[in-house]
Amino acid sequence: MVHSEKHRLGLPIVRGLIWAFGLMAAGALILSLILAFSGQKESSLPTAAVVIHLIAAILGGGAAGKHSGSKGWYAGGATGLLYALLLYLIGFLGFDRGFHMSALAAVAVAFAVGAVGGMVGVNLKK
């Protein structure tokens, strides 16, 4: 059976997004437990959130790249891009965040990090 290019790359991107959002949720849970049960201050939250998002984007991109079998940079980059855009959309619609140039930079970084994850993921053995 011959699959279209759109179908072959669409499913890995969805799988990568599921991984990315799952890792983000796990990271947020771990971070909240650390804040609740330790002396960690809330002032460290922005740095920790950036680290969690970078890890989620690179591992989500890696999952997309591994599942795609080829064009890992494309699947991973698209995963990182969509991950960042969905986060921005949630912030815009749910929390009334406006557009800032830092959001555009975050989307570009997420694309690059996801693409690197996809390049690594496509070269991992299944």
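In the predicted model described here, the residues that line the largest pocket comprise 19 nonpolar, three polar and one charged. The largest share is that of helix 3, which provides eight residues.

The second largest pocket holds about 220 Å³ of space. Its lining consists of 14 residues, with L59, G62, A63, K66 and L124 lying nearest the centre. Two or more of the lining residues come from each of helix 1 (5-37), helix 2 and helix 4. Helix 2 gives the most to the lining of this second pocket, namely six residues. Sorted by class, the lining of the second largest pocket contains eight nonpolar, four polar and two charged residues.

The elements that supply these linings belong to a chain with four helices and zero strands. In sequence order the pattern is α-α-α-α. The C-alpha trace of the chain spans about 55 × 30 × 20 Å along its principal axes.

The packing of the helices is considered next. Two packed helices are described by the angle between their axes and the distance between the axes. For helix 2 (residues 45-68) and helix 4 (residues 101-122), the axes come within 6 Å and the crossing angle is roughly 40°. Helix 2 and helix 4 are therefore oblique to each other, and their crossing is right-handed. On the side of helix 2, the contact is formed by L54, A57, I58, G61, G62, G65, K66 and S68. These residues meet V109, A110, V113, G114, V116, G117, G118, G121 and V122 of helix 4. By class, the contact of helix 2 with helix 4 has eight nonpolar residues, eight polar residues and one charged residue.

Helix 2 also packs against helix 3. The axes of helix 2 and helix 3 come within 8 Å and cross at roughly 140°. This pair of helices is therefore oblique as well, and the crossing of helix 2 and helix 3 is right-handed. The residues of helix 2 in this contact are H53, A56, A57, G60, G61, A64, G65 and S68, and those of helix 3 are G72, A75, G76, T79, Y83 and L87. Six nonpolar and eight polar residues, but no charged residues, make up the contact of helix 2 with helix 3.

The remaining pair to be described is that of helix 3 and helix 4. Their axes come within 6 Å and cross at roughly 145°, and helix 3 passes helix 4 in a right-handed crossing. Helix 3 takes part through G72, W73, G76, G77, A78, G80, L81, A84, L85 and Y88. The partners in helix 4 are A103, A106, V107, A110, F111, G114, A115, G118, M119 and V122. The contact of helix 3 with helix 4 includes 14 nonpolar and six polar residues and no charged residues.

Conventions. Residues are numbered from 1 along each chain as its sequence is written. This is a predicted model: local features need pLDDT of at least 70, side-chain atom pairs count only at pLDDT 80 or more; totals for chains, interfaces and linings use all residues. Side-chain values use heavy atoms; hydrogens and water are left out. Axes are lines fitted to C-alpha atoms, for helices over the stretch in contact, and angles run from 0 to 180 degrees between N-to-C directions. Angles under 35 degrees count as roughly parallel, over 145 as roughly antiparallel, 65 to 115 as roughly perpendicular and the rest as oblique. A crossing is left-handed if the near helix is turned anticlockwise from the far one by less than a right angle, and right-handed if clockwise. Contact means heavy atoms within 4.5 Å. Ala, Val, Leu, Ile, Met, Phe, Trp, Tyr, Cys and Pro count as nonpolar, Asp, Glu, Lys and Arg as charged, and the others, Gly among them, as polar. On a 1 Å grid over the protein atoms alone, a cavity is a set of points where a 1.4 Å probe fits but cannot get out, and a pocket is an open set with protein on both sides within 12 Å along at least five of seven lines; lining residues have an atom within 4 Å of a point. Grid points are joined across faces, edges and corners, and a volume is the space filled by probe spheres set on the points.
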